[in-house]
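Subject: Structure for you to look at

Hello,

Here is the structure I said I would pass on. Please open it first, then read my notes below alongside it.

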Amino acid sequence: IIVTSGGKNVSPAALEDPIRANPLVGQIVVVGDQRPFISALVTLDPEMLKTWLSNNGEDPSISVAQAAEHPKVLAEIQHAVDLANTRVSRAESIRKFVVLDGEFTEADGTLTPKMSIKRHVILEKYRGIIEGIYNAAPPPVSVVSATCGRRRWPSRIQQRRSRARTTRCPGSPAWLPCGALARACRCTRPP
């Protein structure tokens, strides 16, 4: 079980199994213990990669390292991640992933003889990549209403201070101070 910094318990198998079902994915390791969000390290299946590339009109002779940066391959992996994310809550979803240019093997100590991943070895070996995921800018979150241009969800303190003075925009879920609705709302509904 992975416990995020927000205290959410996440079962890695619930995310890893649906993604691993994609023929392009060799192995996947979900990370995020004591981190703000869940991310993943993905390896490609070298045998299926050649078939997938030829079926999708790409050069099947490219290396796994080149395929790890190929836009169509990344789009397919993103599609698999999106499908897995539909099965879990937002807090449990994978926000970022990295496609590694190699694969996990028994020889390098990342797999057991029965081909199970050694999570602690992988976390240690790829510590730099994992730190890079979390040290980069956080994934963008929509904080501005597209129709009103105001903050979408104010903090609890702001809600308490202006509870009697706020109104809801009829065209979006944004909360605005009274009087600001007529000035800021650009939705098609009348105020």
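Of the 191 residues in the chain, 37% are buried. Please keep in mind that this is a predicted model. The chain has eight helices and seven strands. Its accessible surface is about 11,200 Å², and carbon and sulfur atoms account for 54% of that. I also looked at contacts between residues at least 6 apart in sequence: 51% of them join residues at least 24 apart.

Helix α6

This helix covers residues 127–135, and its buried residues are Ile130, Ile133 and Tyr134. The three sit on the same side of α6, because they cover an arc of only 90° around the axis. On the face turned away from that buried side you will find Gly128 and Asn135, which are exposed. What lies over the buried residues of α6? The cover includes the strands β3 (25–31), β4 (38–44) and β5, together with helix α5 (119–125).

Lys96

Strand β5 runs over residues 94–99, and Lys96 is part of it. This lysine is buried and has no salt bridge. Where is the nearest side chain of opposite charge? That is Glu131, and it is 12 Å away. Lys96 does have a polar neighbour: a polar atom of its side chain lies 3.4 Å from the backbone oxygen of Ile133. Ile133 is one of the buried residues of α6 named above.

Salt bridges

How many salt bridges are there by this rule? The count is seven. I describe some of them here.

Arg20 and Asp17 form one, with their closest N and O atoms 3.1 Å apart. Both belong to helix α1 (residues 12–20), and because they are three residues apart there, about one helical turn separates them. Arg20 is partly exposed, at 28% relative accessible area, and Asp17 is partly exposed too, at 43%. These two residues are also members of a network of salt bridges that links Glu16, Asp17, Arg20 and Arg119.

Another salt bridge joins the side chains of Glu58 and Lys72, with an N to O distance of 3.0 Å. This pair links distant parts of the chain, 14 residues apart: Glu58 is in the loop between α2 (46–55) and α3 (64–67), while Lys72 is in helix α4 (residues 71–85). Glu58 has a relative accessible area of 22% and is partly exposed. Lys72 is likewise partly exposed, at 41%.

Asp108 and Lys125 also form a salt bridge, and their closest N and O atoms are 3.0 Å apart. Here too the pair links distant parts of the chain: Asp108 is in the loop between β5 and α5, Lys125 is in helix α5, and they are 17 residues apart. Asp108 is partly exposed, with a relative accessible area of 28%, and so is Lys125, at 44%.

If you want a place to start, display Lys96 and Ile133 together and find the 3.4 Å contact between the lysine side chain and the backbone oxygen. Then go on to the salt bridges.

Regards

Terms used: Residues numbered from 1 in each chain as written. Predicted model: local features only at pLDDT ≥ 70, side-chain atom pairs only at ≥ 80, totals over all residues. Heavy atoms only, no water. Helix = DSSP H or I, 4+ residues; strand = E, 2+ residues; numbered from the N terminus. Buried < 20%, exposed > 50% of the residue type's maximum accessible area, 1.4 Å probe, protein only. Lys, Arg positive; Asp, Glu negative; His and termini not counted. Salt bridge = Lys/Arg side-chain N within 4 Å of Asp/Glu carboxyl O. Polar contact = N/O pair within 3.5 Å; in protein donor to acceptor, adjacent residues only side chain to side chain. Contact = heavy atoms within 4.5 Å. Areas by Shrake-Rupley, 256 points an atom, 1.4 Å probe, with all protein chains shown as cover. Arc of directions from axis to C-beta.
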